[in-house]
Amino acid sequence: MSMNITFNDLRDIKHKLPTGSVSRIAKKLNISEQTVRNYFGATKLDDGETIGVHIEPGPGGGVVHLDDERILKAAREILAEQQ
């Protein structure tokens with residue numbers, strides 16, 4: 001399932017994650033840590049991939065179309081544990 005989110009909202013989720021979350025998500029999904037970072041807006045593609053993330057210019061940092069929500073779902077699960 002795909003969805004749209006603003007770039008600023010996506011970065012806000014990443015910034016709220018506790019230390020070690022990128023590693024935890026990468027291990028859970030069997031992907032590289034850099035791929036997780038790239039999902040949240042990093043652009044170091046030589047060390048990781050992009051997974052279904054398309055950014056269009058616009059308000060709020062632009063609109064990000066996510067073809068694959070697994071990383072976002074894992075991040076939200078971690079944030080829910082903090083509550």
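At 14% relative accessibility, V22 counts as buried, because buried means under 20% relative accessible area, with exposed over 50% and partly exposed in between (1.4 Å probe, protein chains only). This is a predicted model, where local features need pLDDT of at least 70, side-chain atom pairs count only at pLDDT 80 or more, and totals for chains, interfaces and linings use all residues. Residues are numbered from 1 along each chain as its sequence is written, and side-chain values use heavy atoms, leaving out hydrogens and water.

Q: In which helix does V22 lie?
A: Let's start with how helices are defined: they are DSSP runs (H or I, at least four residues), as strands are (E, at least two), numbered from the N terminus. Residues 21–29 form the helix that holds V22, and its name is α2.

Q: Leaving aside neighbours within four places in sequence, which residues is V22 in contact with?
A: Contact means heavy atoms within 4.5 Å. With those sequence neighbours set aside, the partners of V22 are E33, V36 and R37.

Q: What kind of aromatic pair do Y39 and F40 form?
A: Rings of Phe, Tyr and Trp (its six-membered ring) pair if their centres lie within 6.5 Å; planes under 30 degrees apart are stacked, over 60 edge-to-face, and the rest tilted. The count comes to one aromatic pair. For Y39 and F40, the centres are 5.5 Å apart and the planes make an angle of 80°, so the pair is edge-to-face.

Q: Is F40 buried or exposed?
A: Check its relative accessibility, which is 0%. At that value, F40 counts as buried.
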